[in-house]
Amino acid sequence: MKVGEVKFGSVEINGIKYNHDIVIYPSGRIERRKKEISKKKHGTSHKFDPEELKEYLREDFDVLIVGTGIYGMLSLLPEARELVKEKDIIERPTPEALKLVEELWGKKRVLAIIHVTC
């Protein structure tokens, strides 16, 4: 997993630029984050709801890395944290989170949810 430029509103992974929030699965598959699930329930996509997290629990993983945004605005709700309490959970601002994804890739099975704006 190769992380390129990370800036407000976009991230580059394996040479592909993403202008929206993404989910990186342990298999390497990358898809758009389904943040409308959290937004509908809480009025904001900055509160990471367990119903949204359930959408991403398709592949087994060792560590969940949450890129909380450039300014750290996204937070994993306690109820969501409870869903994956047996796993390692790391929440960091997006630039730091993506560095961890790159460092841990191939050493652990990483599931990463990355917020690209605030």
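Mentor: Glu51 has a relative accessible area of 39% and is therefore partly exposed, a class that lies between buried (under 20%) and exposed (over 50%), computed with a 1.4 Å probe and protein chains only. The model is predicted, so local features need pLDDT of at least 70 and side-chain atom pairs count only at pLDDT 80 or more, while totals for chains, interfaces and linings use all residues. Residues are numbered from 1 along each chain as its sequence is written, and side-chain values use heavy atoms, leaving out hydrogens and water.

Glu51 pairs with Lys54 in a salt bridge, at 3.1 Å from N to O; the term requires a side-chain nitrogen of Lys or Arg within 4 Å of a carboxyl oxygen of Asp or Glu. Lys54, at 43% relative accessible area, is partly exposed. Both residues lie in helix H2, three residues apart, which is about one turn of the helix; helices (H or I, at least four residues) and strands (E, at least two) are DSSP runs, numbered from the N terminus.

Helix H2 also holds Glu52. The closest N and O atoms of Arg33 and Glu52 are 2.6 Å apart in their salt bridge. Because Arg33 sits in the loop between E5 and helix H1 (36-42), this pair ties together parts that are 19 residues apart in sequence. Arg33 and Glu52 are both buried.

By the salt-bridge rule, the count comes to 15.
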